[in-house]
Amino acid sequence: MKTQGELEAAVCEGIRRFEHDYMGRGPKDIHTHLLGDILVVRLQGVLTAAEQQLVKSLPAEKGRDLLKQVRTHLVETARPALEAMIQEATGVTVLSLHHDISTGTGEEVVLFTLAESPILRETRKRQRS
């Protein structure tokens with residue numbers, strides 16, 4: 001059984017590995033937040049140099065739409081691996097996955113809805129001197 005912090009760290013590491021394996025590089029920053037039966041993963045600095053160039057070189061909407069389409073396809077293709085990683089980290093089945101990316105800020109958000117809230121170990125509170 002993990003603490004909430006350990007669970008969130010395990011998800012961050014799993015998503016970091018996924019980004020590295022599928023996109024060729026990891027995010028500059030990543031944070032996971034467990035909110036009951038919902039996991040929110042926020043990645044910053046995920047766009048590759050090629051993706052940034054694509055967005056700049058095409059008309060605004062076309063570049064954005066193309067990049068979102070490619071990223072969505074990659075996430076959907078890898079969905080079974082992502083869901084298995086989340087289940088391993090949380091001990092709970094994933095019901096749904098939602099994904100979006102901003103071509104303006106280079107921020108990506110992945111939201112997992114879980115079948116139930118994970119069972120967590122409580123952290124011991126430190127005594128103040």
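**Group meeting: the sheet, the core and the cavities**

OK, let's start with the sheet: four strands make an open sheet, ordered 1-2-4-3, with antiparallel pairing. Strands pair here if DSSP finds at least two bridges between them. Helices (H or I, at least four residues) and strands (E, at least two) are DSSP runs, numbered from the N terminus. Strand 1 and strand 3 are the edges, each pairing on one side only. On average, neighbouring strands of this sheet are turned by 15 degrees against each other, direction ignored.

Quick housekeeping. This is a predicted model, so local features need pLDDT of at least 70 and side-chain atom pairs count only at pLDDT 80 or more, while totals for chains, interfaces and linings use all residues. Residues are numbered from 1 along each chain as its sequence is written, and side-chain values use heavy atoms, with hydrogens and water left out.

Now, the pairings. Strand 3 and strand 4 run antiparallel and are joined by seven bridges. V94 sits opposite L114 in strand 4, and I101 has E108 of strand 4 as its bridge partner. Their hairpin has five residues between the strands, and G106 there takes a positive phi near 75 degrees. Strand 2 also pairs with strand 4, antiparallel over seven bridges, and R42 stands opposite V109 in strand 4.

Leaving out residues up to four places away in sequence, T103 touches L47, V55, R64 and L67, where contact means heavy atoms within 4.5 Å.

On to the core, meaning buried Ala, Val, Leu, Ile, Met, Phe, Trp, Tyr and Cys residues joined through side-chain atoms within 4.5 Å. The largest nonpolar core has 27 residues, and V11, I15, L39, V41, I86, F112 and L114 touch the most other members. Among the elements giving two or more residues to this core are helix 1 (4–23), helix 3 (60–77) and helix 4 (79–90). Helix 1 brings the largest share, five residues. As for L114, its contacts include L34, L39, I86 and V94, not counting residues up to four places away in sequence.

Last topic: empty space. Rolling a probe the size of a water molecule over the atoms shows where empty space is left. A cavity is a set of points, on a 1 Å grid over the protein atoms alone, where a 1.4 Å probe fits but cannot get out; lining residues have an atom within 4 Å of a point. Grid points are joined across faces, edges and corners, and a volume is the space filled by probe spheres set on the points.

How many cavities of 30 Å³ or more does the structure hold? Two. The largest cavity has about 50 Å³ of space. Its lining is I15, F18, E19, L43, V75, L82, E108 and V110. Helix 1 gives the most to that lining, three residues, and helix 1 and strand 4 each supply at least two. Notice that E108, the bridge partner of I101, turns up in this lining, and so does I15, from the list of core residues touching the most other members.

Notes:
Buried means under 20% relative accessible area, exposed over 50%, partly exposed in between (1.4 Å probe, protein chains only). Axes are lines fitted to C-alpha atoms, for helices over the stretch in contact, and angles run from 0 to 180 degrees between N-to-C directions. On a 1 Å grid over the protein atoms alone, a cavity is a set of points where a 1.4 Å probe fits but cannot get out, and a pocket is an open set with protein on both sides within 12 Å along at least five of seven lines; lining residues have an atom within 4 Å of a point.
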